[in-house]
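This report describes selected features of a protein model, with attention to secondary structure, annotated positions and a surface pocket. Please read it alongside the sequence and coordinates shown here.

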Amino acid sequence: MTTTPSPRTASRADGAPSALRESAARLDADDALAHLRDRFLLPEGVVHLDGNSLGPLPAAVPPALTDAVTRQWGTDLIGSWNTNGWWEAPLRVGDAVGALIGAAPGQTVAGDSTSVQLYTALSAAAALRPDRPLLVTDPGHFPTDRYLADAVAGQRGLQVRRVPPHDLAAFLGAEGHRVAVVSYSPVDFRTGELYDMEALTRAAHDAGALVLWDLCHAAGALPLRVDDLGVDLAVGCGYKFLSGGPGAPAYLYAARRHHAALETPLTGWNGHADPFGLSRDYTPAPGISRARIGTPPVLSLLALEAALTAFDGVDLTRVRAKSLSLTSFFLRCADELLTPLGFTPVTPADPDRRASQVALSHPHAHGLVRALAERGVLADMRAPDLLRFGVNALYTSHRDVLTAAAHLRDIAREGAYDPTPPAAGTVT
Ligand SMILES: Cc1ncc(COP(=O)(O)O)c(C=O)c1O
């Protein structure tokens, strides 16, 4: 999350060294995905490098929401649950997300928040491996993943082991037979490091454990193959690279082979085998429908559904290739313009280990990100000292990247930022 830019002035690439300008122009001229930028409503004078936090507004969303509100809700009223497909929306939108993460239809449900879906997935995993006492998570995992690992372990009588992904193989060599589930993200949300999902999934399975992936920073940014890799469970949010809007519904993927035994902890009536039978006792629905909980957030689901059409006809391997080109170019700009001014790139230079963001450390990250926003460049920071720049290949150009780096160089060189650290509770 970040501050509102005002006034907006982003274009600053003109002041950058000519070699960088020429490279940006050449790379943008060769960009086969450039036309996809028109699928987003990006304000003039803004460079949006915060789509790994909140994606911008896709052009398909306003008309879809207008229709949902005025025609569906306003005119068709409650009949819309049947006539406008509201009831099926969690499964329909789940399948649309599934297509982006490599899941065949019928295994993904959309709704609730990532935190709720994590709770469901962790609890279900523990129930699927009742004889194993350990829950493995990453000490560097996003806070909600760590908190929920502790909560579920407490409720289910498990012990949490915090094992960095790079140490998983060694850990499993000693303790693997005791591990119920390995709960990781393929992307370090701070540094943008990309882990090897395939190798980590295989290592967990070789030990007889399940694997749960948090795909928040991966879905929509790179090709994913949850079915092919044999992933057991996955969750993710709808508001980052999927651009589904603030608080967009999250999703849960559960591999079909687990459905019959999938025990969900929140047995709401929408997950009942016969929700409108209003029976006294809970009987789970067959398939992924049992992971539904309560009445879904229909307007948000329809916004997310419309947002996902930005990916129509888009090959995610090309998105990945462009994303790597953008982050490589960012690292080059950082090297030439920013490291001499005290910035240190912490994102791996190795493209196989880099997701779709660049993070730079600087002791005054907060003030610098705010100053950037005032010049129309949206990025964010993660305490204590990281500036994060997310690139979404659907709408980001190499010129955008150069503009951001050139503004940051000017701000740092001029000392044109407030070095005061953020007050507790500030949204960063
Ligand atoms: C990896 C990861 N998981 C979960 C979340 C957030 O969870 P929720 O959508 O419940 O706020 C984030 C938010 O940035 C995240 O980066």
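## Helix H13

Helix H13 is mostly covered, with 14 of its 17 residues buried; buried denotes a relative accessible area under 20%, exposed over 50%, and partly exposed in between, computed with a 1.4 Å probe on protein chains only. Helices (H or I, at least four residues) and strands (E, at least two) are DSSP runs numbered from the N terminus. H13 covers residues 398-414, and its end C-alpha atoms are 24 Å apart, which agrees with the 24 Å that 17 residues should span at 1.5 Å a residue; the expected span is 1.5 Å times one less than the number of residues. Glycine 415, with a positive phi near 65 degrees, follows H13.

The model is predicted: local features need pLDDT of at least 70, side-chain atom pairs count only at pLDDT 80 or more, and totals for chains, interfaces and linings use all residues. Residues are numbered from 1 along each chain as its sequence is written, and side-chain values use heavy atoms, leaving out hydrogens and water.

## Helix H12 and its surroundings

Helix H12 (residues 365-374) is largely enclosed by the rest of the structure, because eight of its 10 residues are buried. These buried residues are Ala365, His366, Gly367, Leu368, Val369, Ala371, Leu372 and Ala373. They pack against strand E11 (377-378), strand E12 (380-382), strand E13 (386-390) and H13, where contact means heavy atoms within 4.5 Å.

A cis peptide bond, with omega about 0 degrees, joins alanine 383 and proline 384. Proline 384 belongs to the loop between E12 and E13.

## Annotated positions

In an unreviewed entry, UniProt places the feature "modified residue: N6-(pyridoxal phosphate)lysine" at Lys240. UniProt positions are given in the numbering used here, feature names are shortened, and annotations may be inferred rather than shown by experiment. Lysine 240 is located in the loop between E7 and E8 and is buried, its relative accessible area being 9%. Not counting residues up to four places away in sequence, lysine 240 touches Gly51, Asn52, Ser53, Gly55, Cys216 and His217.

The "binding site" feature, also from an unreviewed UniProt entry, is placed at Thr114, Ser115, Phe142, Pro143, Thr144, Asp145, Asp214, His217, Tyr239, Trp269 and Thr295. These positions are spread over 182 residues of sequence and also in space, up to 30.8 Å between C-alpha atoms. One of them, tyrosine 239, lies in the loop between strand E7 (233-236) and strand E8 (251-254) and is partly exposed at 25% relative accessibility. Apart from residues up to four places away in sequence, its contacts include Ser53, Leu54, Gly55 and Thr114. Tryptophan 269 lies in the loop between E8 and helix H10 (298-308); with a relative accessible area of 39%, tryptophan 269 is partly exposed. Beyond its neighbours within four places in sequence, tryptophan 269 contacts Pro275, Phe276, Ile293 and Thr295.

Serine 243 has a positive phi near 55 degrees although it is a residue other than glycine. Serine 243 is in the loop between E7 and E8 and is buried, with 3% relative accessible area. Leucine 278, likewise not a glycine, has a positive phi of about 55 degrees. The loop between E8 and H10 holds leucine 278, which is exposed, with a relative accessible area of 68%.

## The second largest pocket

The second largest pocket contains about 470 Å³ of space. On a 1 Å grid over the protein atoms alone, a pocket is an open set of points where a 1.4 Å probe fits, with protein on both sides within 12 Å along at least five of seven lines, and lining residues have an atom within 4 Å of a point. Grid points are joined across faces, edges and corners, and the volume is the space filled by probe spheres set on the points.

Of the 22 lining residues, Leu194, Tyr195, Asp196, Met197 and Glu198 are the closest to the centre of this pocket. Helix H7 (168-175) and helix H8 (197-206) are the elements that give two or more residues to the lining, and H8 supplies the largest share, five residues. The lining comprises 14 nonpolar, one polar and seven charged residues; Ala, Val, Leu, Ile, Met, Phe, Trp, Tyr, Cys and Pro count as nonpolar, Asp, Glu, Lys and Arg as charged, and the others, Gly among them, as polar.
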